[in-house]
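Open the model in your viewer and get the selection tool ready. We'll go stop by stop, with something to look at each time.

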Amino acid sequence: MLAPTALAAVTRRPSAFLRSSWPWRSLAYLLGSAIHAVAACVAIYAAYAYGVGVAAGGALLALAVLSLPAAAFERWRLRLVDRAPVDDPHVRPPRPGPRAWLATRLREQATWRELGFTVIAVSVMWWMDLGFVSSAIWLPLMLLSAPFQPSLHLVESLPLIAAGLLLSPLFAYMMTAWAGTRALLVRAVLAPRDAEIIRSRARLVDAFEVERRRIERDLHDGAQQRLVALSMKLGLARLDLPPGSPAEAQLAEAHEEAGRALAELRELIRGVHPQVLTDRGLGAAVRDVAGRSPVPVDVDVSLPGRLPPSIEVTAYYVVSEAMANLAKHSGARRGFVRARLRDGALVLEVGDDGVGGADPAAGSGLAGLADRVAVTEGLMTLSSPPGGPTSLRVEIPCPVSG
Amino acid sequence: MPRLRVALAEDGVLLREGLAGLLDRFGHEVVASVGDGAALIAAVAEYEPDIVVADVRMPPGFTDEGLRAALTLRASHPGLAVLVLSQYVEQTYAAELLDSDGGSGIGYLLKDRIGDVREFVDAVERVAAGRTVVDPEVVRQLLSRRRAPLSRLTPREREVLGLVAEGRSNAAVARALVVSEAAVSKHIAGILAKLDLPPAGDDHRRVLAVLAYLRGRPGGPEERR
């Protein structure tokens, strides 16, 4: 299988790497910087020929006009060393026409990143690129061409040829590694991908949540209602039978079974989606979870109204999981939950006075929680030294209206 | 028990018909049975029932329309008895109901309890008589909060406290625990003393005091401090 990027190819089996197209792709990629070299030389020549002022003015003008195409070119040649799709970070202007286009571009962060990158590419990076290429090519080439040097005897040149043969794969590695590293830089600055991944994960989580609500409602409207009706019918039937008769005993058993099924279904439905969260928001839902905890939990939630649903759901899962851990593992005598909105973030703290030693790596629900919080671009920190106490702190960026 | 005039609000047809049949069998009259909150409010205005039995969750939003309609009715028709059925226990809902109109003539039960038909009808009748009925599950959760003075109670006293909080009279507590009424009275006096609650002769005022205490509302000793 072809490696996804030049950098990943470097760590593959040497024989496979050296026979692959990656060294050649890297060479082609780095040679593309010749364009920057030409631009830099033109600027230096202009400074000599027309004076520094004119040259600087021309360079600035060229930068302003050409940094967007230059960035587009960078993204285009990125394909040589990075097979993942490259997205254009620019947004589409809301209206057609040059004014709207210019207004959009000037307000975009991406535009300014591209300008900065072009300055660095033209001033510094091109000679690093070409330096790597030349050192990777010239040294092996010099050694290999030893027999053709008039001053060298053929026998004397043999070790030099051998050294050249040995060194060329090494230099292929060096060149590919630099091309891959440069591609990482370009990817990070000119075609950031992480934001998009997080957004799509968030969409997925939202979709799951919608689905869970649907399932919850189906269970509530369907199975649960039928079970309640069944239990009621059984209860009524019992009234018609003489108490203590065999038939009544059978019916009583069936009745109790229906009751147990209802209780189980109720817990299941609550696990699928907590209705109180949708109805009354995070504060009420947290008080509810804490109220069911066998360990007394002090709840101090003070929020200015409702938060966006995805944030409420995430925060709710954090609290439920923390409560479950508290009850199961902590051995605590008291716990607390605090929630505040501070500096545009929901800050959630859950703690207890238990034995500590909670470890996200130990396969508890904590790792899942961290993933869930990461989707909201939030931060989760856990402090749980052996001997306790345990405290879990989660911060979720939260835009608040009004 | 006099024949009660009941207004039913439940969106599931199966359950609504079942409830109507059940109440009818115990000699009560279902004067209106509707499927959403707005219709319930209209039905109460038209038929002036003795008691409303409503599901929390109803159309159009399937969130808490039934509860909101119940609270609206409690505000607009003081003294109207309301029994709210919920698919699962939410302390928040119970609290909102208990805070409406002094907490008299209010009931909050899990839907599951309909299955125990006799007890369910008994709850309807007690609520209609102006008493308070709270689901045992709510009480269990309240008791599990383990507030400090509660730990001073004996296991038997905790049992009695739980039954009182559910809204039962001394006689009913005595029946449930198979002891004499005098023994129950003695336990209750002990509990009230330990929890620093005022002794109250009236069963119902005592239920409300105990509930207020368990919920940590003003009136409970912790808030007075």
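How far apart are the end C-alpha atoms of residues 54–73 of chain A, and what share of that chain is helix? Select them: the ends are 27 Å apart, and the stretch is 100% helix and 0% strand. Helices here are DSSP runs of H or I of at least four residues, strands are runs of E of at least two, and both are numbered from the N terminus.

Before moving on, a word on what you're looking at: this is a predicted model, where local features need pLDDT of at least 70 and side-chain atom pairs count only at pLDDT 80 or more, while totals for chains, interfaces and linings use all residues. Residues are numbered from 1 along each chain as its sequence is written, with chains lettered from A and ligands numbered from 1 in the order in which they are written.

**The annotated spans of chain A**

UniProt positions are given in the numbering used here, feature names are shortened, and annotations may be inferred rather than shown by experiment. Residues 27–48 are 91% helix and 0% strand, with end C-alpha atoms 32 Å apart.

Select residues 246–272 of chain A, which form α10(A). Its 27 residues should span 39 Å at 1.5 Å a residue, and the end C-alpha atoms agree, being 39 Å apart; the expected span is 1.5 Å times one less than the number of residues. Among its buried residues are H255(A), L262(A) and R266(A). Buried means 20 or more other C-beta atoms within 10 Å of a residue's own, exposed means 12 or fewer, and partly exposed is in between, with C-beta atoms placed from the backbone.

Next, show both chains: 33 residues of chain A are in contact with 25 residues of chain B. Contact means C-beta atoms, placed from the backbone, within 7 Å. On the chain A side, α9 (194–240), α10 and α11 (275–292) each give two or more residues. The largest share, 14 residues, comes from α9(A).

**The sheet in chain A**

Where are the edges of the five-strand sheet? It is open, with mixed pairing and the order β1-β2-β3-β5-β4, and the edge strands are β1 (297–302) and β4 (379–383) of chain A. β4(A) pairs with β5(A), residues 390–397, in the antiparallel sense over five bridges; pairing takes at least two DSSP bridges. Zoom in on L379(A), which stands opposite E395(A).

**Over to chain B**

Chain B has eleven helices and six strands, and 48% of its 225 residues are buried. Pick β1(B), residues 5–9, where four of five residues are buried. β1(B) pairs with β2(B), residues 29–34, in the parallel sense over five bridges, and L8(B) has S33(B) as its bridge partner.

Last stop: D55(B), in β3(B), residues 51–55. The unreviewed UniProt entry lists D55(B) for "modified residue: 4-aspartylphosphate". Is D55(B) buried or exposed? Buried, because 27 other C-beta atoms lie within 10 Å. Leaving out residues up to four places away in sequence, D55(B) touches A9(B), E10(B), D11(B), G66(B) and L85(B).

Terms used:
Contact = placed C-beta atoms within 7 Å.
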